[in-house]
Amino acid sequence: MTTVHLEERHQDAAGFVKPSPQALVRCEGLEKWYGGVHALKAVDFHAEPGEIVGLVGDNGAGKSTLIKLLSGVHRPDSGRIFIEGKEVALTSPKAAMALGIETIYQYTAMVPAMSIARNMFIGREPLKWSLLGLGWMDGRAMAETAIRSLTNIDLRTRSPDTPVEELSGGQRQAVAIARAMYFKSKMLILDEPTNHLSVKETNKVLDYVQELKGQGITSIFISHNLHHVHPIADRIVAMARGEKIADVRKSDISLEEMTEMIV
Ligand SMILES: Nc1ncnc2c1ncn2[C@@H]1O[C@H](COP(=O)(O)OP(=O)(O)OP(=O)(O)O)[C@@H](O)[C@H]1O
Ligand SMILES: [Mg+2]
């Protein structure tokens, strides 16, 4: 009886976990077509403050499409997105960032030839002002902030002037995470952050995400690999062929049960 009660409280009719009234982000009925491809089919999704949501599913399931709607890269064909209870129109990545949503894309959105410091501030460079009211980039402020932020995440051996192309995949992820921490994001989305990373680098990224959780920052962690997601996630959302097929609290399901469910 107790189980039934609990389920009634946090699951909807389809057996999916329901958002709380405090949800940081909540989407209803998201639809997305790419020409003739129906990439998202009436997808509901949410994330609570400080929650780590693992988003899993096969190639082409719609994971990246969902996060592109959440990060302002694409607009949904229909459906609604709410941030802290307020409906929003995420018309550009900049608009999403202004609302505290920071994304590390599957194909990382950094400029390889530019320095760590420049990449940290891309599109949000601090300016110095002259008497004529002209602004120019404050390189020193960027370098100093970059050093501080990188020290926080253990990349202290590298000068902020190092071009990003000289960094390993894991170190690039670290710069993106430092950026999210510095700009005090509310939510960090990581699309396949552990692809092409060594085991050590992967563990480091997983540690960072948990550190962010300690600071109350929400993360959405996308992976094909349930084994990467399961250890750190509070909840796991699975997609297949554009639909959400599972949305469960990790405490309610074992890794084995989860694996069976999504294959
Ligand atoms: N820009 C695009 N133009 C046309 N079709 C697209 C585009 N982006 C994605 N798709 C299609 O939409 C569907 C969902 O793709 P999406 O990238 O969201 O999947 P995914 O779950 O992230 O897959 P993967 O695990 O391979 O990254 C796929 O059928 C894909 O081919
Ligand atoms: Mg993808």
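Which side chain has an N or O atom 2.8 Å from an oxygen atom of ligand 1? Select Ser64 to see this polar contact (a pair of N or O atoms within 3.5 Å).

Before going on, a word on the view: this is a predicted model, where local features need pLDDT of at least 70, side-chain atom pairs count only at pLDDT 80 or more, and totals for chains, interfaces and linings use all residues. Residues are numbered from 1 along each chain as its sequence is written, chains are lettered from A and ligands numbered from 1 in the order in which they are written, and side-chain values use heavy atoms, without hydrogens and water.

**Stop one: ligand 1**

On its own, ligand 1 has 630 Å² of accessible area, of which the protein covers 64% (Shrake-Rupley method, 1.4 Å probe).

Now show the whole shell: 14 residues surround ligand 1, each with a heavy atom within 4 Å of it. Helix H2 (63-70) and strand S2 (37-47) each give two or more of them, and H2 has the largest share, three residues. Helices here are DSSP runs of H or I with at least four residues, and strands are runs of E with at least two.

**Stop two: two helices**

Next, select helix H6 (residues 169-182) and helix H7 (residues 199-214), whose axes lie 9 Å apart at an angle of about 10 degrees. H6 is therefore roughly parallel to H7 (angles under 35 degrees). To see the contact (heavy atoms within 4.5 Å), pick residues including Ile177 and Met181 of H6 and Val205 and Tyr208 of H7.

Key:
A polar contact is a pair of N or O atoms within 3.5 Å; within protein, one must be able to donate a hydrogen and the other to accept it, and residues adjacent in sequence count only if both atoms are side-chain atoms. Axes are lines fitted to C-alpha atoms, for helices over the stretch in contact, and angles run from 0 to 180 degrees between N-to-C directions. Angles under 35 degrees count as roughly parallel, over 145 as roughly antiparallel, 65 to 115 as roughly perpendicular and the rest as oblique.
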